[in-house]
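These are my notebook entries on a structure that I went through piece by piece. I wrote down what I looked up and what I found each time.

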Amino acid sequence: MTLLARDEADIVDAQIAFHLNAGVDFVIATDNRSTDGTTEILESYERAGVLCLIHEWGDDMRQAEWVTRMARLAATDFGADWVINSDADEFWWPRAGTLKELLARIPDRFGVVRGCWRHFLPRPEDGSFFAERMTVRLARPSFAGDKTTIFHAHQKVAHRARPDIAVEAGNHNAHGAALDPLRFWFPIEVLHFSLRSVAQLEQKSAGGWSRNANYVLELHQQRLDKAAKARGLGPYFDAFAIDNDRLESGLADGTLAVDVRLRDALRLLRVRNETLGLPGFTLPDTSTVPLLSFPKAEVHEDAAYASETSALVELDGVVRAEARVDAVESRIAALERASWSRRLSRRSRGLLS
Amino acid sequence: MVTAALAQVARASVVDWAAAMKVVMTLLVRDEVDIVEPWLAFHLNAGADFVVATDNRSQDGTTEVLERYAREGLVHVISEPGEDLRDGEWVTRMARLAATDFGADWVINSDADEFWWPRGGSLARVLDAIPERYGTVGAFLRTFVPRPGSADFAERMTVRFSALAPINDPSSLYRPIRKIVHRADPEVTLVRGHHAVKDSSLAPLRGWFPIETFHFPLRTPEQCARKAVVMGTAFEQHIDRPSTGYLAKMFEAVKAEAIGDYYASLVVADAELEDGIAEGRLVVDTRLRDALRNLHLAPEDSSRTGRTFALPGEAAELTFSLPTLVEEAEYAVEAAALGEADVIRLQRRLDLLERRLASLERRLPARVYRRASRAAKSLLRREPSPPEPQP
């Protein structure tokens, strides 16, 4: 797994521990000028031998370049078969089996597997750990391509390791020789915790993207920056935070869902250490049974998930091309039906009289 | 408050789905007595509540089977004497009836050789899970190959083609095909072959195929020959488009008096089966066979009821277990072939459109010239003749 992080100390420890327990063997991380303790957390995993740390001092968020560098390293130096390109606020949740078991099932002729973003909404701050607090998921994300909000439907990709891979900014697509995507199946949910606290938002809004001359800010990023400059991020955060009243009405109308899977997984990883008097999360140990398991969902949950991934299938060029072919077909049919002789004779008569 | 809301959600998920929603199937059938009773029994036990059937000139006992189930109150039979296989029209009529007269929530339009297998729960349960804003959902057609012998089709035909073997031949019987299931709608229109609804406001739920359609198109030499003649004649005499690839091949074989050879060439013998499995082309699939075995009535019950199979409640309930990770991954990878097939189909449609456009372009100048000159001539005729020179 590759991980690009800047000042994400509130989440990065959990993020790495989770993935190492979910079937990831090794992490390549790029630390981009962190000052909040993120660097120290990454270094502790490096000392444990499960992470390679790259320090990136650039202040212009060249995300595609930095992630591509890591993804290539995974192929050339770390013997990866598959690479997952993740952000610190993403938890790649396999819909059955572990990430490793799942990716091992993909036939050779497919080289890209798409995951589906599932957005968790902030809850009012009470100082608690994000995963304990943020157990509300948006069940009806905005349409794919809606850049006015971060909470839109989108895919994230895992790909076979290749020395020539190119990962797009945002990790939504990856390109390499003979890497065909597996269509329709989104076997990994990417649980996304992008807004967690006012303090975290303040760091996010000060991010390097605003200093990259070539980067066109997405609308939701512009809004965040504008809010930071205007009224501060407190009101901005509150506008998204789901209090109990909003939760109740959201559950009733189906726009929100309660989802405690990550909370429970992280609790499991913490408990073991607590009993041993250790801080942090438990790392996998080949001598013990894996702590995390990922059971198959029931058909109702499958259908709800399919309703979200359906929007991503439409992102695929084929569906759009189909709609255009339909339109052209009916135009040609109309032309064929149209009585040219009638129209032309009418017109020529008009011209000649 | 939140706890109350959560409890409400929990209650909602255990609602009795079977009572809450109604699945009606439509069946268009002509002379398929070897398969029609298993078809009815299977679906009525798999979560379909009612069947609207169109019997098109059957003479082999199919009509009597339909009537027997109609007497049980489970089937409404429409007798259609048309010779011209207006398939889209007949299925549309049934699908609309399902909505207007039989209280359907969802409609599955089927042929007698298609068995709709829910991946988890039952047909009703799977369809009930679909969010309200979606109106259609895809099913994945799985075609079973003919096997030697003359035993009952389900006992014998337990091998299907794998979609992992890429097929680009549009005339192949085994190319990847998607069927659709739709919410009941009094104005729905099905296209020929009922693979799609036309001009519909029903939003498609894409990329999820919670139902597999087991397809048994060719079962015995006699059935194959009969199908070839019926379909071939209909296409030749009544249908304004070229015949489906494999049907055209079959009809050619009939005309060449070689339909027996044609069928024999498709039969998968044991030796070929072994190779096919090793190469990943063929898969042994006994799910339908086992389900029908479960529904078989004991001889005394059979002679008492006049039926070979049990109705719901008369036998152990059919179970459709949730697939495992391994099964899910295999299925997803096979279903991905549907996406690839979409690309190929799209290319083919573009080819056709290019040809139609080119012929429009070619026709245009010639016609413009013809019409214009004719118009000019008629105009000239109408003009007064030049005055005679004065003496």
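This is a predicted model: local features need pLDDT of at least 70, side-chain atom pairs count only at pLDDT 80 or more; totals for chains, interfaces and linings use all residues.

**Entry 1: Chain B as a whole**

I began with burial in chain B and found that buried residues make up 40% of its 391 residues. A residue is called buried if 20 or more other C-beta atoms lie within 10 Å of its own, exposed if 12 or fewer, and partly exposed in between, with the C-beta atoms placed from the backbone. For my labels, residues are numbered from 1 along each chain as its sequence is written, and chains are lettered from A and ligands numbered from 1 in the order in which they are written.

The secondary structure of chain B comes to 14 helices and 11 strands, where helices (H or I, at least four residues) and strands (E, at least two) are DSSP runs numbered from the N terminus. Among the contacts in chain B with a separation of 6 or more, 76% are between residues 24 or more positions apart; two residues are in contact if their C-beta atoms, placed from the backbone, lie within 7 Å.

**Entry 2: A unit in chain B**

I then followed strand β2 (residues 50-55) of chain B, which runs parallel to strand β3 (residues 75-79) of chain B and is joined to it by 5 bridges. Two strands pair if DSSP finds at least two bridges between them. One residue I checked was Ala53(B), whose bridge partner in β3(B) is Val77(B). Together with helix α4 (residues 62-71) of chain B, β2(B) and β3(B) make a right-handed β-α-β unit; right-handed says that, with the strands pointing away from the viewer, the path from the first strand over the helix to the second runs clockwise.

**Entry 3: Chain A as a whole**

Chain A has 13 helices and 12 strands, and of its 353 residues 41% count as buried. An automatic or database domain assignment divides chain A into domain 1 (2-315) and domain 2 (317-352). The centres of these two domains of chain A, taken over C-alpha atoms, are separated by 49 Å. Along the principal axes, the C-alpha atoms of chain A fill a box of roughly 100 × 50 × 45 Å.

**Entry 4: The sheet in chain A**

In which order do the 8 strands of the open sheet in chain A come? I read the order as β3-β2-β1-β4-β8-β6-β11-β5, with mixed pairing. The edge strands, each pairing on one side only, are β3 (51-56) and β5 (90-94) of chain A.

Strand β11 (residues 188-192) of chain A held my attention, since 5 of its 5 residues are buried. On one side I listed Ile188(A), Val190(A) and His192(A), and on the other Glu189(A) and Leu191(A), all of them buried, which leaves both faces of β11(A) covered. In a regular strand the side chains alternate between the two faces of the sheet. β5(A) runs antiparallel to β11(A) and is joined to it by 5 bridges, whereas strand β6 (residues 112-119) of chain A runs parallel to β11(A), also with 5 bridges. Val190(A) is the bridge partner of Trp92(A), and Trp117(A) stands opposite Val190(A) as well.

**Entry 5: Two loop residues**

Is Asn171(A) buried or exposed? Asn171(A) counts as buried because it has 26 C-beta neighbours inside 10 Å. It is found in the loop between β9 and β10 (174-175) of chain A, and Asn171(A) has a positive phi of about 55° although it is not a glycine.

Glu257(B) also has a positive phi of about 55° without being a glycine, and lies in the loop between α9 (245-255) and α10 (259-266) of chain B. With 8 C-beta neighbours inside 10 Å, Glu257(B) counts as exposed. Most residues other than glycine have a negative phi.

**Entry 6: Where the chains touch**

Last, I looked at the contact, which takes 45 residues from chain A and 45 residues from chain B. Several helices of chain A each supply at least two residues of the side that touches chain B, including α11 (299-315), α12 (317-337) and α13 (340-352).
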